[in-house]
Every structure is written in structure tokens, then in C-alpha cells.
Amino acid sequence: PLETDIKQAIVQRSQQVYLLADHQKFGRYGLMTYCNLEEIDYLITDKTPEEEFQIFAKNNNVELVIVD
């Protein structure tokens, strides 16, 4: 819980928010979250996500960065 509070504070004070997540994280839920996906500016991942995530990213101005 303390780590979540720290991450929330960092997101609130940041001009840009980056999320680094491998393709296995898409469509899964965590017990604790520190921000909504709409608050992310860049999503960095290892494979192109499914179309629904691509549409979400486009509609919410989240830039997808695919790194092989």
C-alpha cells in the first residue's frame, strides 16, 4: 500500500506518465492500481496489443511504443 501511495503521488506530479508492460499484462487486473489508463501518456510494450487496446490508446492520446 505504501508503494501505491508513492506511485500515485508521482503520477499526480508528473508532466508525462510512462507505463512499461509486457504483452502478458494486457486484459489482466491488479489488486492495486496507482492511476487510470487514461492518465498514461506512453505505453511501452513488447508486442502490438489487440485492436481494442489500440483503439483505447488512440481515443485517449496514449502513444504506443512497441519494442521488439
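**Aromatic pairs**

I searched the whole structure for aromatic pairs and found two. I looked at one of them, Tyr18 with Tyr42. Their ring centres are 4.8 Å apart, with 10° between the planes. I note the pair as stacked, because planes under 30 degrees apart count as such. This is a predicted model, so I read every value here as computed from it.

Which strands hold the two tyrosines? Tyr18 belongs to strand E1, and Tyr42 belongs to strand E2. The pair therefore ties together parts that lie 24 residues apart in sequence.

**The sheet**

I went on to the strands. I find three of them in an open sheet, ordered E1-E2-E3. The pairing is parallel. I get an average twist of 20° from one strand to the next.

I then checked how E2 and E3 are joined. E2 covers residues 42-45, and four bridges link this strand to E3. The two run parallel. I also looked up what Thr45 faces: Ile66 in E3 stands opposite. As a reminder to myself, strands of a sheet pair through backbone hydrogen bonds.

**The largest pocket**

Next I looked for empty space. Rolling a probe the size of a water molecule over the atoms shows where such space is left. The largest pocket has a volume of about 760 Å³. I list 22 lining residues. Nearest the centre are Leu19, Lys25, Arg28, Thr33 and Leu37.

Which elements give two or more residues to this lining? They are strand E1, residues 18-20, and helix H2, residues 51-59. H2 gives the most, with three residues.

I sorted the lining of the largest pocket by class. I get 16 nonpolar residues, four polar and two charged.

**Gln8**

Gln8 sits in helix H1, which spans residues 2-13. How exposed is Gln8? Its relative accessible area is 30%, so I record Gln8 as partly exposed. The cut-offs behind that word are under 20% for buried and over 50% for exposed.

I also took the separation between Gln8 and Asp41. In sequence they are 33 residues apart. In space, the C-alpha to C-alpha distance is 15 Å.

How values were computed:
Residues numbered from 1 in each chain as written. Predicted model: local features only at pLDDT ≥ 70, side-chain atom pairs only at ≥ 80, totals over all residues. Heavy atoms only, no water. 1 Å grid on protein atoms, 1.4 Å probe; cavity = no way out; pocket = protein on both sides within 12 Å on 5 of 7 lines; lining within 4 Å. Points joined across faces, edges and corners; volume = space filled by probe spheres on them. Nonpolar A, V, L, I, M, F, W, Y, C, P; charged D, E, K, R; others polar. Pairing = 2+ DSSP bridges. Axes fitted to C-alpha atoms, helices over the stretch in contact; angles between N-to-C directions. Phe/Tyr/Trp six-rings, centres within 6.5 Å; stacked < 30°, edge-to-face > 60°. Buried < 20%, exposed > 50% of the residue type's maximum accessible area, 1.4 Å probe, protein only.
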